[in-house]
Every structure is written in C-alpha cells, then in structure tokens.
Amino acid sequence: MLQARPGFRQFFGVRPRDKVKASIALRQSSGFLFQVALTLLGLLAVTFFIGRVVPIDPVLAVVGDQAPRDVYEAVKRELGLDQPLWWQFWVYVKKMAAGDFGQSLLTNRPVIEDIKRVFPATLELATFATIIGVALGVPMGIAGAVWQDRWPDQLVRVVGLVGYSVPIFWLGIIGLLVFYGILGWVQGPGRLSVFFEDMVPVVTGVILIDAAIAREWEVFWNAFGHVVLPSAVLGYFSIAYIARMTRSFMLEQLNQEYIITARAKGVSEARIIWVHALRNVSVPLVTVIALSYARLLEGAVLTETVFAWPGLGRYLTTALLAADMNAVLGATIVVGLVFVGINLLSDLLYRLLDPRAK
Amino acid sequence: MKPLLEVEDLRVSFATPTGRFEAVRGVSFSLGRERLGIVGESGSGKSLTGRAIMRLLPAAARMEARKLSFDGIDLLGASARQLRGIRGARISLVLQDPKYSLNPVMTVGQQIAEAARIHGGVSAREARRKALEMLEAVRIRDPERVMRLYPHEVSGGMGQRIMIAMMLVPEPDLLIADEPTSALDVTVQMQVLAILDDLVAKRGMGLIFISHDLDLVGSFCDRVLVMYAGRVMEERAAPDLAGATHPYTQGLLRSLPRIADDRAELPTLSRDPAWLDA
Amino acid sequence: MFPQISKRALFTASAAGLAAAALPGARQAAAQQTPRNALVIAAQIDDLVALDPHHSFEVTGSDLLKNVYDQLFIIDDSKPSAELLPGLAESFTISADGKTFTFRIRQGVRFHSGNPLTAEDVAFSLRRPLQINRTPAFMYRSVGLTADNIEQTVRQTGDFEVQVTFNEAYAPTLIQNLFTATIASVLDSKLVLQNAGEDRGNTWLNRNSAGSGAFRLTRYQPNESYTLDRNDGWWRGRANMQRVIVRHVPEAATQRLLLERGDVDVARNLTPTDIAALRGRPGISIQEFPRGTIQYFSANLGDPILSNPRVIEALKHLVDYDAIANNLLPGQVFPHQSFIPRAILGEVNERPWRFDPTRARALLAEAGHPNGIRLTMDTANTFPSLDVAQALQASFARGGVTLEVLPATGAQVLAKFRARNHQLFIGIWGLGYPDPHYNADGFAHNPPGANNPGKLTWRNNWNIPELTARTEAAMRERDQNARAAIYRQIQAEFMGTSPFAVFAQQQVQVAVRSNLTGYAASSPGLSAILWRATKG
Amino acid sequence: MSDHAKQGWRARLLSETPRSRREAKLGQAYRGWLQFRQNRLALLGLAIVVALIVIAVLAPWIAPHHPHEENLAQRLLPPGTGAHLLGTDEFGRDILSRIIYGARVTLYIVVLVALIAAPIGLIVGTAAGYLGGWLDAALMRVTDVFLSFPSLILALAFVAALGPGIENAVIAIALTSWPPYARIARAETMTIRNSDFIAVARIQGAGTGRILFRHVMPLCVSSLTVRVTLDMAGIILTAAGLGFLGLGAQPPMAEWGAMVSSGRRYILDQWWVATIPGLAIFIVSLAFNLLGDGLRDVLDPRQKK
C-alpha cells in the first residue's frame with residue numbers, strides 16, 4: 001500500500017512523543033491485564049471443572065445424612081446443580097465479574113466475607129514467616145557461600161536440608177509441645193487468647209496492625225505471642241529455601257570478574273560480600289523471596305491445622321473436602337490474584353534493584 | 001637499584017579429578033619501574049602469574065614460590081590485612097573486559113570513589129573530586145555525567161578507561177594490566193593504550209602488560225617474557241624481539257600476519273613436548 | 001458507647017492478670033487460669049453449618065442451640081435417663097380421638113430481645129421448619145405435619161394456647177419427646193420477621209439468635225469460635241457462668257496442651273490415650289457422659305454374597321466387640337448391640353453376639369464359602385470409623401473374610417451409601433430426639449415401594465413389611481410400658497436377622513480443669529448443658 | 001597385549017582423546033563420578049537412596065512381621081519391647097515392619113511421580129521453547145495456571161476428584177509438579193534452539209520431532225534430573241501431607257506420611273508412633289536433597305567452582 005490513510009498520519013503526526021510512549025505503555029499494560037485475566041479465567045475453569053467432577057455431593061454436605069429425597073432435590077435446585085455444567089460455569093463467571101462470589105455452603109455466609117476474615121490471618125502468618133526466612137536465610141546462605149565446603153557451609157546446608165525434609169505438621173506439633181506445653185514461652189494455638197478477642201476494632205484484619213492502631217499493647221503482645229511459633233515453623237521452611245538460593249546466587253556472584261576487581265582495589269572481604277556481591281544477589285533473590293512469600297500467602301493448610309489458625313489454606317481445604325464450590329472458587333481466585341500481585345511487586349522491585357532492567 | 005618486584009620459582013596448581021594440574025610451573029623474573037610484557041597463548045599461565053602476584057587466585061588454586069616480594073614486602077607471608085593495604089594502593093590490576101569487571105549495579109562514580117576512599121582515608125567529597133579528576137585524566141568528556149552512569153550504559157572503550165581510572169586513583173607503584181584491550185575494537189584499543197602509556201610514564205609506575213599479542217607487547221613494553229604451558233620460554237628486551245632464539249617465540253613471530261605479507265597461508269605453530277620439561 | 005468497653009469491664013480482674021501473662025517471657029511455668037466467670041471450651045466445631053434451629057442438624061449445633069433456645073418440653077438434665085419435664089409448655093391436654101394436643105404456654109417468659117413469649121411465637125415456630133423445609137423437617141413430617149397442612153394443623157387458640165392436630169393418635173411421650181428437639185425451638189417471631197428476607201429469616205438466623213434460653217449468642221465466627229453470654233432473666237434461673245466461649249481446635253493434641261496450660265477449662269475431643277495420660281493429673285479431672293449415638297456397620301442385602309443370612313451371621317461373629325470397647329476405644333464407647341441407645345425408652349442391654357471366628361468359618365462354609373470371602377467396607381476417613389474399620393479388617397481375617405477398607409471423605413462415603421453402591425458400610429447414627437421412634441424409624445422401618453435414601457433400611461435393601469408395621473404401631477401405643485415392650489421385640493428381631501451389626505454406643509469423655517463442676521458435655525436431652533457449670 | 005588394554009580402563013576413561021562416542025560419554029560420566037565422589041554428603045545421600053531401594057526390594061524377607069498384622073492387646077508398645085524393635089502402633093502393628101514396607105510405597109511414589117511429571121514437563125517445555133509462537137504462548141499460559149495453584153491445594157482438588165488413595169495421590173502430585181520442569185526445559189530449549197548444531201541438523205533435513213527428541217530433549221535432561229532429584233523431598237512431603245489430611249495412602253497401607261498422620265494422635269504420650277515414620281521421611285528426603293545437591297554440582301556447570 002503506497003498511500004497511508006490520512007487519518008492515520010494525522011493521528012500520530014500531531015501526537016507529542018510522550019503520548020505515544022504512554023500509549024505503548026498502556027498497550028503493554030492492557031496486554032498484561034489480558035494475560036492476568038486469562039490466567040485467572042484458566043484457574044477458575046480448572047478449579048470449577050475439578051470441583052464439578054468431584055464425587056463429593058455438595059447437596060449432601062448441606063442436607064446431611066438423613067435428608068429425605070424432596071429436601072435433597074429442593075436444595076439441588078436451589079444451588080443450581082440441576083443445570084448443565086457449562087451453564088453453571090457461565091453463571092458463576094458472570095456473577096463473579098459483578099463482584100458476587102456467592103455464598104459458602106459451610107459457613108452460610110458470603111464467600112467474600114469469609115475471605116476477608118481468613119486472608120488477613122494468612123497474611124499475618126506468611127509475612128512473619130517470610131521475615132524470619134529472610135532475616136535468617138540470607139545470612140545463612142551468604143555464610144555458606146563465603147565458607148564454601150567448610151564447616152559453616154556444611155552446617156548451613158544441613159540445617160537448611162532439615163528444614164526441607166521435615167514434615168511440617170510434625171515440626172509444628174513438637175514445637176507446640178516444647179515451646180507452649182513445656183516451656184510456656186509462647187502463646188497457644190489460635191490467633192489470640194480468647195479474652196482478647198474483639199477487644200480491638202477490625203481495620204485491616206491483621207490483629208497486630210489493628211492492635212497497634214488502637215494502641216492496645218496487651219492485645220498486640222498477645223497476638224505476637226500467638227504468631228511467633230507457627231510463623232517460625234513455616235519460616236524454617238522458607239529459611240531452608242532462601243538460604244539455599246542465596247548460597248547459590250552468592251557463589252555465582254563471587255565467581256564474577258568484578259569481585260576480583262574489587263579485591264584488586266583492596267576492598268575488604270566484608271564489603272565485597274555485603275555491598276558488592278549482595279547488591280547483585282539481591283536482584284534474583286527478590287524473585288525467590290517473592291515466590292516463597294506467594295506460596296505462603298496461598299495458605300499453609302498443615303500448619304494452620306496444627307495451630308488452629310483460621311487462615312486461607314484451611315478454609316480452602318475444608319471447602320474442597322465438602323465440595324463447597326463457591327468458597328473454593330472464591331479462594332482460588334484470591335490465590336491467583338495474590339500470585340499475580342506478588343509477581344508484579346517482585347517485577348517492580350527487580351526494576352528498582354537492577355539498573356540494567358530500566 | 002633494588003627491583004620493585006621479585007618473583008622466584010612461582011608455581012600455581014589446581015586439584016582436578018585426575019590429580020594435580022600445574023598451571024604455572026616455576027616462573028621467575030624481577031621488575032623495576034619499567035614496562036614488562038608477558039605473552040603467551042591462552043592457557044599459558046600468564047594471567048595466573050599476574051593474579052598470583054596480587055594473591056588473587058581462585059580458592060581452589062594452590063600457590064608456592066621461593067620468593068615473592070614487592071618493594072621489600074614478602075607477599076607470600078603477608079596477612080590478609082597487609083595484602084588489602086597493598087592491593088589497589090600499591091599494586092593495581094586492570095582486567096580484560098569492562099563488561100564483566102565493573103560491578104553492574106553500582107554507578108561508575110561510586111566505584112571509582114570507593115577506590116579513592118579505601119586507601120586515601122578521604123572524605124566522600126574529596127573522593128568524588130579525585131574520581132572526577134581521574135576521569136578527566138583518562139580523557140572522558142563530561143565526567144560529571146559519566147559518574148552517574150551504570151557500567152552497562154557506557155561503551156567498551158569508555159568502560160576500560162573507567163577501569164584504568166579506578167585502578168590509578170590511589171596512585172599505585174605497579175599496575176598489572178591483564179589483556180586490557182583485547183575485548184575492545186582496534187581503534188579504541190589504541191586510544192586506551194595511549195592513555196595507559198601516558199599515565200604510566202607520567203607517574204613513573206611499573207607495569208606488567210599481559211597479552212597474547214606479540215606485536216603489541218613488542219611495541220609497548222621495555223622487556224618481554226614469553227610463556228608456554230606455565231613456563232617462561234624466553235625473556236628478551238622488546239626491541240630485540242626479532243632476534244628471539246627460542247623456537248616457540250620464533251614460531252609465534254612467524255605466525256603473525258604482516259601488512260606486506262605475501263605468504264599464501266600462515267604457518268601453524270609447532271609445539272614440542274620437550275618444552276614442557278625444559 | 002464503644003462495644004468493647006463493656007466486654008472489657010466484664011473481665012477487668014482477669015484481664016489484668018492475663019496482661020502480665022500475655023507478655024512473652026513474662027509467663028509463669030505454672031498453668032494460668034481462665035477467668036472465674038467464664039467457661040472456655042476447646043472443641044471441634046467445624047461441622048457446625050447452620051445456627052438456625054429449624055435448619056441445624058448436627059450434634060455441635062444442638063450443643064449450642066439447646067442452650068440458646070427453649071423448647072416446649074425439657075429432658076431433665078439431673079436424671080441419668082431421659083425423663084420429661086414441662087418446658088415452655090406448662091401443661092397439655094389431648095383430645096378424645098388422641099390426635100389433637102392443646103399446649104398451655106408458660107406466661108412471663110421473655111426473649112433475649114425483651115419481647116414477651118406468646119402463643120403466637122410458638123405457632124410461628126412450629127410452622128416454620130416445614131416452611132423452610134430443611135433436613136430436620138422430616139421429623140415433623142413423620143407425624144403427619146406437612147407444609148401444606150401446617151396452617152390448619154397448628155393453630156393459635158389463645159394468647160397462651162396452641163393446638164396441634166396430628167394425622168394419627170400418637171403416643172403422648174413421642175410427641176413430647178419430639179418437642180424437646182432443637183427443631184422445636186421457639187423463636188422470637190417479631191425479631192425474626194423484622195430481619196427476615198425472602199427466606200423467612202434463615203440467613204439471618206444462621207448468624208444471629210432470637211431465643212429465650214439460658215444464653216444468647218453474641219459472637220460466631222465459622223470454624224473459629226462462638227461466644228455465649230448469660231441471659232440474666234432466664235425463666236429457669238440464672239446460669240452460673242457469665243460467658244461461655246467455645247473455640248474450634250482441630251487437633252486433639254492441641255486441645256490437650258491448651259487444657260494442661262490452663263488456657264481452656266474443657267478439652268472436648270481427646271483421644272483415649274490423652275485421657276489415659278491426663279487421668280490422675282493434678283488439677284485435671286476426667287468426666288464421662290453417655291451419648292445417644294451408636295456405632296454400627298451394615299451390609300447391603302442387594303449384594304449377591306451378602307444376601308445370604310448365614311454370611312451376615314458370620315460377620316456378626318467376626319466383630320471383636322470387647323477389644324473395640326476396651327482396647328481400641330476405651331472410655332469412648334461401651335459395648336451395645338441394639339439400635340435404641342441406653343437411657344432411652346425401650347433400651348435392651350442383651351448382647352447376643354460374641355467374637356467367635358470358628359463359628360463364623362463354619363457359617364461361611366455352610367453358606368458355600370469354605371475358602372472365605374472378599375468384601376469391601378466404605379468408611380469416612382475420620383476417627384473413630386476408620387480405626388474401627390481397620391480393627392474389623394484384622395478380626396474379619398481370622399474368620400476367613402478378606403476385608404478391603406475404602407476410606408473417603410464423609411460426604412463421599414455418604415453419597416455412595418445413599419446410592420446403595422456399597423457392600424459394607426461403617427457409620428455412626430445419632431439420635432435426633434430422645435425417643436425410641438427416632439431410631440426405629442431409621443433402623444426398622446421401610447415402607448414397601450417407597451424410595452427413601454434417608455432411611456438406613458432402604459439403603460441396605462432390607463425389606464421388612466412386618467417390622468415396619470410394628471414400628472408404626474409402636475408410635476401409636478399410648479401406654480408407656482406397652483410401647484417399651486414393642487420396641488424390645490423389634491430389637492430382638494433386629495439383632496437376630498438385620499443386616500446391621502451395632503457394636504457400640506458412644507460416650508463423651510472430656511477432660512476438665514478440676515475447679516469446674518456442673519458442666520455436662522452431653523446429656524440424655526442430646527446436648528451439652530452449660531447453665532449448671534460453675535467454678536470452685 | 002595390545003597397547004590400549006595396557007592403558008587400563010581408568011586412563012582410557014580419563015583420556016582427552018576418546019576413541020568412540022560411547023567412550024567419550026563414559027569418560028564424561030566417570031569424570032562426573034570422580035567429582036561427585038568428593039562430595040561426602042552427596043555420597044551419603046546416594047548410600048541412603050540405595051539403601052531405600054534395597055530395603056524396598058527385600059521388604060518381605062527382612063521385615064520381622066507382616067505390616068498389617070494387628071494385635072490390639074499389644075498396642076502402643078514403646079521401642080525395644082519384646083519382638084518389636086521400634087515399638088507398635090495403635091493397632092499393635094510392628095512399626096519397624098511398617099517402616100520397611102513403607103519404603104516400597106515411598107519408592108513407588110517417587111518413581112511414579114518422576115516418570116509422569118518429568119516427561120510431561122520436558123515435552124511441554126521443549127515444544128513451547130522450540131516451536132514458539134502461539135503454541136508457546138498457549139502452553140506457557142497453561143503452565144502459569146498450574147503454577148499459580150498451591151501444589152497441595154491442586155493435589156487436594158485432584159484427589160478429591162479421583163478419590164483418596166495412593167495412586168490418585170501420585171497422579172495428583174505429578175500433575176502439580178510438572179510446571180516448573182516445563183519452565184526449565186523451555187528456558188534451556190530457548191538457548192539451544194538457535195545454536196549451530198541445531199541449524200546443522202535442520203539443514204540435514206531432520207524433522208521437528210527428530211530434532212526435539214534427539215537433539216533438544218537430551219540436552220535438557222541433565223538439568224531436569226537435578227531439579228527432579230531436588231524435588232523428591234518435596235514430593236515425599238506432599239504425599240505425607242496428603243496422608244496427614246486423610247487423602248493420601250489409605251489404611252492399612254504402611255505409608256510413612258499416613259503413619260505420621262495417624263500417629264499424631266498419640267504424639268504427646270507415645271512419641272514413637274509418629275516420630276519414627278517422621279524420621280524415616282526426614283532421612284529419605286534429606287538423602288534426596290543431598291544427592292540432588294551433589295548431582296547439581298556435577299551436572300550444572302554454573303555451580304562449579
């Protein structure tokens with residue numbers, strides 16, 4: 001085509017350069033949004049169809065053992081389960097697009113309300129666990145790399161591998177027995193001791209933050225006493241993961257030429273490790289930490305069960321086992337969003353940390 | 001005059017699954033405030049020799065020498081602390097490729113200023129001033145801007161000049177340049193070499209110039225060591241290089257292409273296993 | 001005023017004590033105490049689905065609801081067996097044809113909201129279960145009340161008088177017992193109607209309470225906890241505890257640790273080994289309460305192998321009744337072989353079956369299986385059914401029966417059972433209201449031609465026109481003793497030839513802090529009793 | 001005696017000038033082994049894995065009791081009582097025998113998952129990476145969907161759909177663990193795709209399938225092997241987690257995770273019932289981790305010193 005459409009040229013010709021850039025950015029981000037939407041839809045579809053082929057009868061979960069036929073049929077109609085599968089899915093997606101996650105069969109409450117309650121619990125636990133994981137895992141990984149193949153490395157490796165290899169529920173029960181049952185250093189299971197419940201108004205749902213906002217320090221310390229042990233148990237797992245990755249990233253960086261340059265300049269070993277190498281290590285490490293954080297935010301069913309922690313993982317599991325599909329799908333979407341959100345965040349951090357990514 | 005650097009029977013070896021492998025096997029030489037070239041093919045041990053002097057060998061390497069002294073200091077017996085004081089301040093090292101030898105996540109300014117601060121004990125502002133001055137000395141225009149750049153934002157030639165600036169900021173007595181120009185374009189090579197030449201002459205430093213380029217070394221240095229398989233095959237004054245006696249050196253010389261070359265093909269370099277034990 | 005202030009005031013004394021204890025590190029090794037005016041219970045409450053008393057059908061639900069709502073009649077909680085007391089119905093009369101019951105409603109009772117309780121509330125509450133038609137509605141339908149006739153059968157005949165007309169002249173004890181059930185809870189009709197949406201208040205009642213009982217529900221978080229606060233104006237007297245908190249703790253080990261640390265007063269779901277370890281521990285006492293729940297396994301008579309009565313007989317000889325009660329589930333069950341649980345009218349304590357592998361082998365050989373048989377058993381993958389199934393696996397093997405255990409989630413197994421796709425099924429059956437008819441209806445009643453997956457008899461293809469007729473006759477037998485006699489006959493036949501092997505009745509074994517008395521984790525009235533609980 | 005026989009097999013394997021392709025490969029493997037041998041922890045891991053295999057194979061001959069043999073009168077005996085070296089569980093079954101038989105189950109899980117997940121990941125990843133375009137986009141989107149599920153939850157969903165049991169647990173775990181393999185294989189393929197030898201193969205007329213199966217996949221195998229070995233511990237733990245939730249191996253099968261799960265009810269008084277299988281899980285997953293680390297050092301050049 002020889003002649004460009006005049007409208008086209010006009011359209012772009014008058015455009016200031018920034019706007020073009022902005023439109024590219026927009027196009028990229030709309031592409032991104034499209035991808036996110038697609039991923040979430042895929043997630044929903046997989047969950048939905050798994051949920052529907054589950055031989056668990058959601059109607060029975062509602063009506064119980066001794067229900068006569070007519071009640072059973074009535075509830076089945078009420079739940080829309082007499083409709084064809086694809087129609088059920090379509091109805092669900094339509095409703096969800098309008099922000100309606102439906103009602104949970106097990107709690108008899110809107111799913112969104114349940115999630116507002118269970119997600120902060122998981123958030124609290126996961127955040128603490130990640131803080132522990134990073135605070136201990138990174139230095140351990142560095143120690144392992146610096147003293148490669150010497151005793152600190154072996155120690156770190158074994159400690160890390162233990163974290164990788166112990167069934168977490170077993171660790172949880174033993175931890176509870178020792179630190180709560182015998183030593184009494186921490187608070188017991190649950191998020192708060194019963195008498196502190198409802199003492200602070202819910203703002204974020206994260207008790208520690210809510211207590212701090214309300215300046216209720218007793219509640220704060222009580223909640224802290226509760227979160228320490230489960231997050232340490234979970235954190236041990238992420239320590240293992242983060243330490244292992246840090247070690248391998250660090251080894252990779254320490255073999256780089258610029259490290260030799262720094263040594264040749266006379267930079268001290270400490271500064272080489274903590275400034276020169278670590279800054280480079282932090283770039284891939286952010287992704288690793290984000291990934292482990294995302295995994296924890298998806299809920300740790302086993303830990304939550306042992307510690308009677310009313311979090312997302314347990315909610316999702318219980319719902320799954322009872323074929324409470326609205327709850328399962330709602331929670332799955334939250335999980336998907338968390339995953340996408342964390343990925344975005346890590347991308348952002350990545351750009352901040354690595355000048356080459358700009 | 002007492003030599004600046006004395007190396008006697010330097011040996012570097014690595015453990016491999018099949019036993020020990022000796023990469024440098026008894027290298028000896030001494031150096032005053034002069035320009036010494038070390039030539040050899042890749043794997044001939046020339047770079048390891050350079051790094052061994054700075055005690056910057058990989059952890060897996062084992063190093064021995066009868067003598068390794070710099071300005072009267074025994075480098076072999078020096079503590080880590082002593083070594084840190086010498087590195088950068090008194091002996092500096094310029095590496096081959098600025099793409100890898102500069103820290104990618106620190107700005108040029110930070111990296112040069114760091115060199116100044118470590119040894120000069122100067123304030124941040126003073127370090128910055130020195131860095132700027134040095135960048136100018138390596139003929140970088142608009143050094144203020146360059147200071148703020150990250151290594152990936154500068155060209156190879158500029159990167160190498162930055163590297164040189166960084167290494168010369170603490171004003172060392174000896175500079176080891178390990179193939180400083182082989183990663184650069186030919187035109188840029190010359191510029192960088194000119195700068196290096198200029199600075200070394202001005203400051204009266206000793207220079208060890210490691211290269212695989214016999215011609216370059218011949219024209220640039222005062223004296224040349226030819227290495228093969230971890231050994232010094234021959235040592236000659238640069239102007240005298242054409243009169244090399246060792247067959248390996250002769251081979252190297254013969255395999256160089258010349259402008260006025262009428263040979264149909266370059267002769268292949270022949271290696272005699274006997275040289276390994278000589 | 002901010003709501004938490006009052007709550008704080010409630011626990012001033014205790015909170016100050018707890019404050020120091022709450023700081024990590026500042027805690028004493030000695031067990032701390034829960035406040036004297038509050039009862040804290042660790043229990044598994046994740047099966048709690050509905051809080052609407054006309055919808056709820058779980059034991060945990062009745063533990064909560066019977067303490068929040070009042071019913072027309074009460075089972076005396078100070079007696080070991082189920083004896084009736086007047087509740088919201090002060091008295092009643094029966095018409096000459098025996099079909100119409102006229103209830104006089106107690107005056108002066110107020111709901112938690114302050115509304116007075118009248119016959120209008122009672123009539124509303126008797127009709128509502130059929131109108132919302134949830135699972136428990138079948139209990140009303142079994143006495144002839146239906147959604148279509150409820151407006152006519154339930155009539156308000158005065159400010160404090162209600163008449164109910166049934167389709168038959170049922171035994172008065174049956175009706176009275178039925179009206180002690182959770183489904184017979186009387187709701188605050190004004191409050192419910194104020195909050196009712198399209199579902200007659202079902203959604204609202206699943207998170208709020210509208211009762212007149214000993215406690216009112218002040219907080220409920222599904223799968224977390226619920227809190228009951230005392231109703232100071234309860235007509236039967238004021239409860240001792242100002243507040244009861246039940247917290248969901250899924251793991252038995254965790255419940256035990258909480259009790260040992262003194263963070264809870266009651267650990268509700270401990271294992272026999274936990275109980276054994278806690279027995280004799282200072283500061284802790286073990287309490288046992290019989291519960292109207294029986295454990296059984298049943299055989300599908302539609303299966304070619306199992307249709308042979310000798311095979312059924314052999315299987316009943318292959319249960320090690322004593323080992324299950326004494327070794328596997330010590331303290332949690334006692335041996336029982338019939339469908340009417342102990343403490344209920346018509347109970348029989350004979351146990352005709354003994355573990356006898358030799359006899360079982362002989363029977364199997366007679367049945368044409370000299371080399372043994374292979375069977376499958378469906379079970380929920382939870383304690384105790386799964387454990388018993390495994391024990392049965394071992395004891396069956398000794399009689400030449402190779403048993404494959406097929407565990408799955410509760411709802412999954414149930415679906416299979418209801419669809420009659422099982423060979424053997426192991427399950428637990430709870431009483432819905434403390435009357436023998438409830439269990440007779442499930443275990444000995446199977447109207448021919450009906451298609452009712454709610455009934456165990458139907459699920460096992462047990463066709464019993466004669467027993468069905470007798471079960472129906474027992475409903476109409478007005479003489480208490482004669483009625484009991486019929487049930488004993490039915491059970492004798494049931495134990496002999498039915499495809500059901502009942503092997504145990506449950507009891508609730510709890511560990512409590514020793515300063516707690518008066519708390520009953522279970523009662524003949526089929527619920528926990530909280531209002532008598534007191535701390536020394 | 002011929003010249004090269006005199007050289008000895010060791011020298012031949014280490015020779016810089018192998019005589020055949022096979023000899024080159026063997027030589028490479030032998031050099032790898034020499035390097036691997038230096039890592040004592042990795043050797044320990046290997047030894048444990050070998051021991052696991054031996055125990056699994058010989059289970060019927062070395063177990064003192066049948067793993068399902070119950071005796072309610074002898075339940076919960078502590079280790080060292082009578083004929084029960086490691087004590088008995090809540091049904092009076094011999095824990096040692098159950099541990100020994102459990103090795104079979106564990107091995108079964110591990111092998112089956114590796115056999116299902118790794119090939120799926122390899123095929124999806126190499127196909128996506130090599131063919132590119134819309135296929136790549138589509139496959140990677142599917143991979144993302146599976147990746148953004150928490151693996152235990154997805155496994156749970158599958159088990160819920162298929163019914164509990166060891167086979168279904170294995171399938172579920174396999175279905176959740178392939179996405180990372182696909183990612184790795186794809187990344188590897190992308191770097192190989194444009195290399196000269198692939199171009200040569202293409203010029204020689206090799207079809208896409210042949211290039212994928214003969215050239216690309218073999219090159220992805222080593223990094224995948226490392227990853228799979230390292231994941232084994234996670235797989236064992238996921239299986240144990242499913243067992244803990246009552247959805248893995250079903251009783252009375254002697255699966256370690258299920259043993260921990262049912263033993264946890266006795267953990268405060270009869271610690272051994274849950275702890276011994278817990279230790280078994282720990283030791284084996286530790287071994288796989290150590291082995292994986294060692295293999296990575298050998299097979300993954302980026303980690304080399």
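A: This is a predicted model. Begin with the residues in contact: between chain C and chain D, 24 residues come from chain C and 24 residues from chain D.

Q: How much area is buried between chain C and chain D, and what share do carbon and sulfur atoms give?
A: Buried area is a sum over both sides. For chain C and chain D the figure is about 2,000 Å², with 56% from carbon and sulfur atoms. On the side of chain C, the residues that lose the most area to chain D are Thr273(C), Asn327(C) and Gln390(C), which together make up 26% of what that side buries.

Q: How many salt bridges does the rule find across the interface of chain C and chain D?
A: The general idea is a distance test, a side-chain nitrogen of Lys or Arg within 4 Å of a carboxyl oxygen of Asp or Glu. Across this interface the rule finds 1 salt bridge. Arg256(C) pairs with Asp269(D), and their closest N and O atoms are 2.6 Å apart.

Q: How many residue pairs are in polar contact across the interface of chain C and chain D?
A: The count is 3 residue pairs, with both residues at pLDDT 80 or more.

Q: Which elements of chain C give two or more residues to the side that touches chain D?
A: They are helix 10 (252-261), helix 11 (272-278), helix 13 (321-328), helix 15 (385-397) and strand 15 (401-408) of chain C. Helix 15 of chain C gives the largest share of that side, 6 residues. By residue class, the side of chain C that touches chain D has 12 nonpolar, 8 polar and 4 charged residues.

Q: How many salt bridges and polar contacts are found between chain C and chain A?
A: The rule finds 2 salt bridges across this interface. One of them joins the side chains of Glu224(C) and Arg117(A), at 2.7 Å from N to O. Polar contacts between chain C and chain A number 12 residue pairs, both residues at pLDDT 80 or more.

Key. Residues numbered from 1 in each chain as written. Chains lettered and ligands numbered in written order. Predicted model: local features only at pLDDT ≥ 70, side-chain atom pairs only at ≥ 80, totals over all residues. Heavy atoms only, no water. Contact = heavy atoms within 4.5 Å. Buried area = accessible area lost by both parts, 1.4 Å probe. Polar contact = N/O pair within 3.5 Å; in protein donor to acceptor, adjacent residues only side chain to side chain. Helix = DSSP H or I, 4+ residues; strand = E, 2+ residues; numbered from the N terminus. Nonpolar A, V, L, I, M, F, W, Y, C, P; charged D, E, K, R; others polar.
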